[in-house]
Amino acid sequence: MKILIHTDEYYPTPQACAYRMKVLADAFTAAGNDVTVIASAVNRANGEIGDHAERIIYVPAARMRKKTTLLRLLNNLSFAVTSLFSAFAAGRADVVITTSPPLLISLSGWIIARCKGAKLVFDVRDIWPDVATEMGNLRQDGAACCVFRRIADFMYRHSDAVTTVSPGKVEKIRAHLRRLHVAAEGKTVLFGNGFDERVLQCRLDSALMEKYAPPGVFSCVYIGNIGLAQGLDVLLRLAKETSRPEARFLLFGDGAQRAELAEKAAAEELKNVSFCGVLPHEKVLSVLSAAQLSFIPLKNANMRDSIPTKIYEALGIGCPVLLVAEGDACRVVEEAELGCCVSPDHPERLAEVFDEMVGQYARYDEQRRAGARELMKRKYSRQQIAKAYEAWLHDLTGKN
């Protein structure tokens, strides 16, 4: 089977989309398929590609020196155009997988599939424009929302299948399909993100562990993008209101709100908060193995169908989670029995829950940690999910 993956972000870019697509590509090639990836050269960063079985075609796109709306639009549209022309060099394909967001590039994925006579899979990680309205970034009746809605509806109609990453997203997409009078049940399929088992192959960095989790300190870490969707203001509020003097709050990552949050922490003299820079993916195991808690927030309670991949990472390593969210993400933490959830609508409860977790930390014993690790491997392994995705593609295309 010849598979073409059409994605803005890909390996070695340290982003959630890149990790998802790389694990899928690895599973596809391991099963003997011919895989080609078309990705943006802008998001290649300066990383070393290393050995890889898939063919990667990096195409030019406008750079985003600042994350403004205009530059983001130019970046998306330029990749949509250059990827379209580069697809001619990719050869024949039995199936094209185009991933969203960004939603604007998906139309090129549709054109590529039509030109090649291939099946089209629309892989949806966040549902646009729904997620933007849930975050308050777009108005339901605004012109931009209308444009995104029309693009999304077009893709729902013209894709052979839609894959997505959480049960709530499956139901929401099926509701959109029913609104469009498109058969919903068989067209939408769940293939979650899950726990990347490659993390367990990384070496523990003892120096890093000692630096960020010294004796006598209760380390609560956040690892990931420091942006608008994360709502990390609540972490600063927690650092200010906790009654636990031994607690230290460590933020690893970068993003649109990092500078603003760092200034706020300095202005409020939050000595128990540190911004630690970007953490290489291979160091996640070390930090989460040493930390007492992984702090994972979502901006508001509207984002009930979102499951941050950080949840799977923390639970797969056996690190208890303090989650600020509702819906699908809470169900994963509750199933693992290794953490607590607080609604984004009630941030006033966060310090109370955190202090209780610190005071009763002994309940997160090795038995519970081992149970969470086993659950992630058995039910939420990203590698196993990717194998199931590959088998499903054979059924979709009719190829052996």
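Modeller: A patch is built from residues with over 30% relative accessible area and no salt bridge, like charges being joined within 9 Å and nonpolar side chains (Val, Leu, Ile, Met, Phe, Trp, Tyr) within 5 Å. A salt bridge is a side-chain nitrogen of Lys or Arg within 4 Å of a carboxyl oxygen of Asp or Glu. Areas are Shrake-Rupley values (1.4 Å probe; for residues, only the protein chains shown count as cover). The model is predicted, with pLDDT of at least 70 needed for local features and 80 or more for side-chain atom pairs, while totals for chains, interfaces and linings use all residues. Residues are numbered from 1 along each chain as its sequence is written, and side-chain values use heavy atoms, without hydrogens or water.

On these terms, Leu-70, Leu-73, Leu-74 and Leu-77 make a nonpolar surface patch of about 360 Å². One of them, Leu-73, sits in helix H2, which covers residues 69–86 (helices, H or I, at least four residues, and strands, E, at least two, are DSSP runs numbered from the N terminus). Leu-73 has a relative accessible area of 38%, so it counts as partly exposed; buried means under 20%, exposed over 50%, and partly exposed lies in between (1.4 Å probe, protein chains only).

The surface of the whole protein comes to about 17700 Å², of which carbon and sulfur atoms supply 51%. Of the 400 residues, 57% count as buried. There are 15 helices and 13 strands. The radius of gyration is 21 Å, close to the 21 Å of the globule rule for 400 residues, so the protein is as compact as a globular protein of that length (the radius is over C-alpha atoms, and the rule is 2.2 Å times the number of residues to the power 0.38). The C-alpha trace spans about 60 × 45 × 40 Å along its principal axes.

Beyond four places in sequence, the partners of Leu-322 include Phe-295, Leu-350, Val-353, Phe-354 and Met-357, a contact being heavy atoms within 4.5 Å. Among contacts between residues at least 6 apart in sequence, 72% join residues at least 24 apart.

Glu-313 belongs to helix H11 (residues 309–317) and is buried, with a relative accessible area of 13%. Leaving out residues up to four places away, Glu-313 touches Phe-195, His-281, Val-284 and Leu-288. Pro-344 lies in the loop between strand S13 (339–342) and H13, and is also buried, with a relative accessible area of 13%. The C-alpha atoms of Pro-344 and Ala-301, 43 residues apart along the chain, are separated by 5.5 Å. Among the residues that Pro-344 touches are Leu-298, Ala-301, Val-324 and Glu-326.

The charged pairs complete the account, with 23 salt bridges in the structure. Asp-34 and Lys-2 meet in one of them, at 2.9 Å from N to O. Asp-34 lies in strand S2 (residues 34–40) and Lys-2 in strand S1 (residues 2–6), so the pair ties together parts that are 32 residues apart in sequence. Asp-34 is partly exposed at 39%, and Lys-2 is partly exposed at 26%. The side chains of Arg-20 and Asp-123 form another salt bridge, 2.9 Å from N to O. Here Arg-20 in helix H1 (residues 16–30) is linked to Asp-123 in strand S5 (residues 119–124), 103 residues apart. Arg-20 and Asp-123 are both buried.
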